[in-house]
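Trainee: I would like to learn how to read the features of a protein model one at a time, with the conventions stated as we go. Could we begin with the sheets?

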Amino acid sequence: MVLFVGAKDLWFLTTSTMRNILSTKSNLLSGKVELHVHLDGAARHSTLYELAKRKNLPLPGDGTLEDLEKAIVRTEGISLYHFLSPYKFYNDYYKGDLDAIERFAYEFIEDCSKNNVAYVEVRYMPHKLLGTELYQMLGYEGLKETVRRVYQGLKRGEDEFQVKSKSILSCATKWPVDTVPDTLRLAQNCTHYGVVGIDLLSIQPETGPHGRFFGGVQYDRQAVEIYHTDRVGHGYSVVEDSNIYNSCLQKRIHFECCPWSSYLTGAVPFHTRTHPIAQFAKDNANFSLNSDDPTLTGRYLNEDYQLAQSWGFSREQFKIIMWRYTSGDIEVETYLSTTETDCKVILNKIWSNMN
Ligand SMILES: [Zn+2]
């Protein structure tokens, strides 16, 4: 069993043999791998709008799709709390609606294909998707059905758009109940629904000197030294502490970096001269590029790669990221617990775009 801990998210995964690979084509990459993205943070605005209209739920502003987009998409990097605040109203549009959740999953895969993603690990909190009321009524079985419906949507998408996907279940100790025990049980029992890991959300209040970086370097230290993680979500604060940073470099700890969300959560100020991700590249750290929450950033993975390009990332650097997946430098044991053929299809798809 491999343990992964994030500065914002903490998770661990179990087994596998298949490597993730990335490849390049023109300036942007094709056959990309995405490891850090939230399912309900990747819902289409148009779908949310349709759901709200159909259910007669309150919409922001004048009730137009444009006003909904304006209320959801973050444009300033104020704080993680501010970044996540649109969930407070739009969660009502889909919670407990398993048809909507399955649709999210299906459309998510279509959007992945538009961004040339070959393999994605998408994360979600079953308790949040099901909603507290239904959870109280249905308990564990309701959660399991939620996982099944997500899987069904992902699978339909996979069949249609040829993007391979797996799921990571998010949980938290205080949301608004401790969701960890259920999630551990689900993870054990739902591998046949493509579940490959657990993500323990540990969102810190973003005030004080450490607010800048999702809870600060002390949290990264905890991730690495206490949980002995192999993968860290975000983790930008490690560059602030040379001891912990050098230790991460030495151990080849993987950072799941999310360019646009790093700014829009306020984790990294827009005016930062050298973005920590650019520093990671300079120091040959072990990292990937991910989209985190396209619904909230208003930007999909291709735009995260474009942002990295604006920091000076070259095609060669993107290739270095790709080689991490192929060389085993990254301990991403992807959960293609499937067949040799599946592995070959993905490998071929990615490698065919390499040159
Ligand atoms: Zn995240």
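Mentor: Strands of a sheet pair through backbone hydrogen bonds, either parallel or antiparallel. Here three strands form an open sheet in the order β9-β10-β11 with parallel pairing, where strands are DSSP runs of E of at least two residues, helices are runs of H or I of at least four, both numbered from the N terminus, and two strands pair if DSSP finds at least two bridges between them. The edge strands, each pairing on one side only, are β9 (231–233) and β11. From one strand to the next the twist averages 25°, angles being taken between N-to-C directions on a scale from 0 to 180 degrees, with axes as lines fitted to C-alpha atoms, for helices over the stretch in contact.

Before we go further, note that this is a predicted model, in which local features need pLDDT of at least 70 and side-chain atom pairs count only at pLDDT 80 or more, while totals for chains, interfaces and linings use all residues. Residues are numbered from 1 along each chain as its sequence is written.

Trainee: How many bridges join β9 to β10, and how many join β10 to β11?

Mentor: Three bridges join β9 to β10, and four join β10 (residues 254–257) to β11. Glu256 of β10 is the bridge partner of Gly233, and Glu256 also stands opposite Ser288 in β11.

Trainee: Which residues of β11 point one way, and which the other?

Mentor: In β11 (residues 286–289), Asn286 and Ser288 point one way and Phe287 and Leu289 the other, and all are buried; a residue is buried if 20 or more other C-beta atoms, placed from the backbone, lie within 10 Å of its own, exposed if 12 or fewer, and partly exposed in between. Strand β8 (residues 195–201) has seven of its seven residues buried, so it is largely enclosed by the rest of the structure. Five bridges join β8 in parallel to β7 (residues 164–171), with Ser167 opposite Val195. Over the protein chain, buried residues make up 52% of the 355 residues.

Trainee: How should I read a pair of helices?

Mentor: Two packed helices are described by the angle between their axes and the distance between the axes. The axes of α1 (residues 45–54) and α4 (residues 87–94) come within 8 Å and cross at roughly 70°, and the two helices are therefore roughly perpendicular, the class for 65 to 115 degrees, with angles under 35 counted as roughly parallel, over 145 as roughly antiparallel and the rest as oblique. Leu48, Leu51 and Ala52 of α1 make the contact with Tyr90, Tyr93 and Tyr94 of α4, a contact meaning C-beta atoms, placed from the backbone, within 7 Å.

Trainee: Where do the axes of α1 and α2 stand, in distance and angle?

Mentor: The axes of α1 and α2 (residues 65–72) come within 10 Å and cross at roughly 115°. His45, Ser46, Leu48 and Tyr49 in α1 meet Leu65, Leu68, Glu69 and Ile72 in α2.

Trainee: What is the phi of Asn116, and is Asn116 buried or exposed?

Mentor: Phi of Asn116 is near 55°, a positive value in a residue other than glycine. Asn116 lies in the loop between α5 (98–114) and β6 (117–124) and is buried, with 21 other C-beta atoms within 10 Å. Asn284 likewise has a phi near 55°, but with 13 C-beta neighbours inside 10 Å it counts as partly exposed.

Definitions and conventions: Two residues are in contact if their C-beta atoms, placed from the backbone, lie within 7 Å.
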